[in-house]
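Hello,

Here is the structure I said I would pass on. Please look it over first; my notes follow below.

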Amino acid sequence: MQTMVPVILCGGSGTRFWPASTDEAPKQFLSIWQGLSLFQITAQRLAAAGSSAPLIICNRLHEAAVREQLAAIGIDGAVTLLEPERRDSAAAIAAAAAWVARSHGPGQVLGVFPSDQLIRDDAAFRQALAVATAAAAAGDLVTFGIRPDRPATEFGYIERGAPCADQAGAYHVASFHEKPKLETALAYLASGQFDWNSGMFVFAAGAFMAEAADYMPGIQAAADEAVAGAKPAAQPGTYLLEPAAFRRAEKTSIDYALFERSRKVVTVPLDCGWNDLGNWQAAHAELEKDGARNVMQGDVRVLACRDSIVLTDGLPVRVLGVDGIAVIVSANGVLVCKLDDAVRLKEVL
């Protein structure tokens, strides 16, 4: 099987994890997941899958964090492309494809992975990755569809079509759907034909760029120019994308710009204990809990409290007689909310 170049997207601001997460230290770099950051866990997962050294796309503010965290887990040889400003996933992925095409050739397969997702079943992930890599080598653009275990309203959905005749384990995409209302999500779950859109992709650099030339030509042209004009940064293996060119790329997601429009997209279903950790409620589901299902980190004590997450990086925190809440205390601020309302955090920031 062809070796895949893993691309790790680290450009998110992590606002849903405020106040622990800030622009300077977004959630993917926080070490609250068994002593590692989500970025480190992602890099380790991809290294264990046998892929080559990673290509990192991150904001220029996070150059030092990327370098230090990769060194801490013994991963070397990475190339880091620094975004001069945030332009969303379409521009970042277009730049990754252009870089890989220039450095490895247009036939090189790359996988694109957000830096802030957890996967419990690494064996299932590797099996699906092998299917996706084979399909990508044949010219398909592959997305992973996460098998849903509940009627989630916070994710987009992919409707599976007919199985691909030339690639076992892959399916044609019948349709993409935006985040649904609960009644629609219940119908999707009952049908068995819909998967969550994971935001992970695999494709050959040239195949992606050919589709981008049709569906998002301005973004790809700007990314090509930004890569061609990239300058070495202070650290070896780190390059700053040419700012003026990168700024010309429209700020939009890769789903809207290309994947929901291309006819070359296929999906590989993936049942791997996936969690995109979009808010503190999702973090509560994944982090270690006590017998009352409380997550506690730092100088924390709780009494007569259940199903809550209480984290502090300094001040002592005491919680008494309340259930189902998030209390997050850091030098950047304090958050107190019902755990069920954590998804609404942006409304008060």
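Q297 has L311 in strand 16 as its bridge partner. Strands, like helices, are DSSP runs numbered from the N terminus (a strand is E, at least two residues; a helix is H or I, at least four). Strand 16 (residues 309-312) and strand 14 pair in the parallel sense over three bridges; two strands count as paired if DSSP finds at least two bridges between them.

This is a predicted model: local features need pLDDT of at least 70, side-chain atom pairs count only at pLDDT 80 or more, and totals for chains, interfaces and linings use all residues. Residues are numbered from 1 along each chain as its sequence is written, and side-chain values use heavy atoms, with hydrogens and water left out.

The largest nonpolar core has 90 residues, and F203, F208 and M216 have the most contacts inside it. Such a core is a set of buried Ala, Val, Leu, Ile, Met, Phe, Trp, Tyr and Cys residues joined through side-chain atoms within 4.5 Å, where buried means under 20% relative accessible area (1.4 Å probe, protein chains only). Helix 3 (residues 88-104) supplies the largest share of this core, twelve residues. A second, separate core of 21 residues includes I32, L277, A283 and C337.

G273 sits in the loop between strand 12 (265-270) and strand 13 (274-275). Leaving aside residues up to four places away in sequence, G273 touches L118, I119 and R120; contact means heavy atoms within 4.5 Å.

Regards

Notes. Buried means under 20% relative accessible area, exposed over 50%, partly exposed in between (1.4 Å probe, protein chains only).
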